[in-house]
Amino acid sequence: MNQLIRKRSTLLVILTTLIVTCIYFITSVTTAHAAETVKVGISARSKSYNYHDDNGKLTGFEIEVLEEVDQRLDDYSFTYDTTEFASLFAGLDAGKFDVIANNIGEKDERREKYLFSLYPYVITHNVIITNSEDGKTVTLADLAGKTMGIVAGSAQAVFMEKYNEENPDQAVVLQYVDADAATIISDVHSGRYDATIYSTTYVKDVEDTYGITLTESPIADEDAIQPPGAYLLYRKDEKSLALRNAIDGVLADMREDGTLKTISEKYFSEDQTVLDEAIIAKNDALNQSNNTTDRVVIVGTSGQTKPMDYFDDNNQLTGFEIDVLSEIEKRVEGISFKYETAEFASLFAGLDSEKFDVLANNLGESGDRREKYLFSLYPYVVTHNVLITASDNPDQTDDLTFDDMAGKSFGVVPASPQSQFLEAWNEENPDKAVDIQYLDSDPSQIIRDVHSGRFDATIYATTYLHDVEQTFGIELKASPIADEDAIRPPGSYFIYRQNDVELRDQMDKALAEMREDGTLAEISQKYLGQDDTVLSPELIAKNDAIEAERKGADKETSSTDGKIFAPEMIPGIIKQIIPRLPITIFMTLVSAMIGLILGFLIAIVKIRKIPVLSQFFSVFVSFMRGTPQLVQLFLAFYGFPLIVQWFNQRLSLNWDSNAIPALVYVFIAFGLNEAAYNSETFRAAILSVNTSEIEAARSIGLTNRQTMMRIILPSALIVAIPNLGNSIISLLKGTSLAFTVTVIDIMGRARIIAGSNLRFFEAYISVALIYWVFCIVIERFVKWVEKRLNVDQAESTDDGRLDVDQTQV
């Protein structure tokens, strides 16, 4: 019997093994041949190209073309994501889309930045569309002073903006609208706009759909809008090139077998997919450069450093550094740039972790940076740091010094050269120390905060100062800094990892050519209003010496130099962080108390359904739970002073909002956030109390207050404590955001340390350990309270039952 059982067991094990092996094999084969998902970005508002039909189904010429491509490509599977037209390119840049299709034509800057399909899949022409009753064609000159409906960021909008700039006496009034082509063209017919510009395919569809007639006028310089033809656009990288080539192959087959023609006739009533020899020759020449695979170089930047790098009104990354890099990309074969944004303090950590290949953010040199990273040979721009203060006294012409600023507040970004300079100043001059206020913000905001009086001063390069003054029409005082080199020697560099010498040398060569032929000076004039790219002989000699030293003998290194991870530094970093722990605990405790008290009151109001207040608090809770804590913190920090100013204007008051400590804004934001969450915790806990217990309490004569204090709250707290404990833990971790509004807590101290020694990972590990330990302490405390409440409740219940029995007896 036992032998039979053993045989059956052995057989079962063998069968199980075979089944698992087969499943694994089948799964592996299936996975190996699984189609790769291709995310297509469209607006779904470009009838007849892509739109939703009456049943809500995505359809249109481009959709049917891509569905046919999808059927013929086994290795790819297409999905469609919709967004507004102006966001399609940003989505492609960010990797949200793999390809965008939205009747997109070519422009020089698009050709430079993106990979186009080999040939256009449809050929259409842009025309001026008017509601001229006599059918008379018009020119742009005839539209002087007339209104034109147009989509912001479109090729037509860019064309008309340039036309108005070049022809101010014949300017057309541009009315920007976020609507589909059919709506804008219909609005021309209804008279809302005098004209618009669209391709003929859109006009025919609107005329057929609505039974109207419009006038189409040819545009003499149509190519200035975009040459005829719509393309699929991809990122410039190896993976996208493979996808482009696969789709192009299918499109060629569809053109050959007549499928493309059939789809065109279905939507446009004629074949608009025929390619003439000129278009074929032009695109063959343009696409020759894409036969080789470029190295995609990831550029790390903050995107918040106007005019060096920033996002314009169309959400396109631009600025002095972006234009310089775009020019370098044209001149260096085999590389293409992709931009990733991060806050300033995270840029070097991103370079260390290889998230970025090069940093471009108006970065200067410091001893630590030079030791750890590779710099471009020479700076691409040379600017000077100045002491910036409000010009309250126009008669004061004397320059200020740091001796004059003792006790004054300075707004600076953590880990920046300016913050490190001020930290060293305070350490060396304790009797003349300044009040350093750290915050994560762009230079424009900090400089404006000096003008508004939130800070007494800041330190920034003259380029930022001039840009802010021109943009906002304000005036500030700039005082030269005697020991400017202690902040950072004049000059901004591209920064690389030490082993990326080849990339550095390629970009340096292009920069040298741009300096020689005047391109660098032109870009400087465009963004900075002057040529700040000239290198002095002293600057050249200094950088040549640094480069010679780099190539020369080995330098003395410390025990942590060259290490990817130096765990021996963690204890020392923790020791430096611990002094800021009381601030973190204080923020947590005060915010928690506000959240508990206000949360309980909100819960009572909502349970009792007090008119007006109940509805108000419902909206409040929804808002606080539906928006990020960081946004709420910024609203408090930047919005509350505006409220104070409004009261000052309305009531003739003289309250100084700048005198309010930043901690107050933290308490407001975090306290209200906690109150929103705690109110729901309290409400659920109170409603969970057994109604029979409440009725029993009232039956023995307890008042409502006594019932609440002796029966409801003790029972509710047992239910609420675990959630309240989790809420406090979340609050503790959430206080790490306080550093963004100048409060230096343990997270802020860790970031300052990391900015100083460039050991970001070690600093973040250190602060993570501190948070972890205190979260464990809170967990243990909550469990103790929960256990204690359970014991007290049990004892109270037992006593209560005894009293009832005695009463009955």
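View 1. With a relative accessible area of 31%, Phe647 is partly exposed. The terms are these: buried is under 20% relative accessible area, exposed is over 50%, and partly exposed is in between (1.4 Å probe, protein chains only). Helices (H or I, at least four residues) and strands (E, at least two) are DSSP runs, numbered from the N terminus.

A word on reading all the views: this is a predicted model, in which local features need pLDDT of at least 70 and side-chain atom pairs count only at pLDDT 80 or more, while totals for chains, interfaces and linings use all residues. Residues are numbered from 1 along each chain as its sequence is written, and side-chain values use heavy atoms, with hydrogens and water left out.

**View 2. Helix α14 and its buried residues.** Helix α14 has 12 residues (417–428), which at 1.5 Å a residue should span 16 Å; its end C-alpha atoms are 16 Å apart, in agreement. The expected span is 1.5 Å times one less than the number of residues in the helix. Which residues of α14 are buried? They are Pro417, Gln418, Ser419, Phe421, Leu422, Trp425 and Asn426.

View 3. The peptide bond that runs from Lys306 to Pro307 is cis, with omega near 5 degrees. Look for Pro307 in the loop between β15 (304–305) and β16 (309–311). Asn103 is not a glycine, yet it has a positive phi of about 50 degrees. Asn103 belongs to strand β6 (residues 99–104) and, at 13% relative accessibility, counts as buried. Ser269, also not a glycine, has a positive phi of about 65 degrees. Ser269 is in the loop between α9 (259–268) and α10 (277–287), and is exposed, with a relative accessible area of 60%.

View 4. Thr383 lies in the loop between β20 (374–375) and β21 (385–390). Is Thr383 buried or exposed? At 6% relative accessibility, Thr383 counts as buried. Setting aside neighbours within four places in sequence, its contacts are Ala461, Thr462, Thr463, Glu484, Pro490, Gly491 and Asp532. Contact means heavy atoms within 4.5 Å.

**View 5. An open sheet of three strands.** The strand order is β2-β3-β4, with antiparallel pairing. β2 (45–46) and β4 (58–59) stand at the edges with a single partner strand each, so one side of each has no neighbour in the sheet. Strand β3 (residues 50–52) pairs with β4 in the antiparallel sense over two bridges, and Tyr51 stands opposite Thr59 in β4. Two strands pair if DSSP finds at least two bridges between them.
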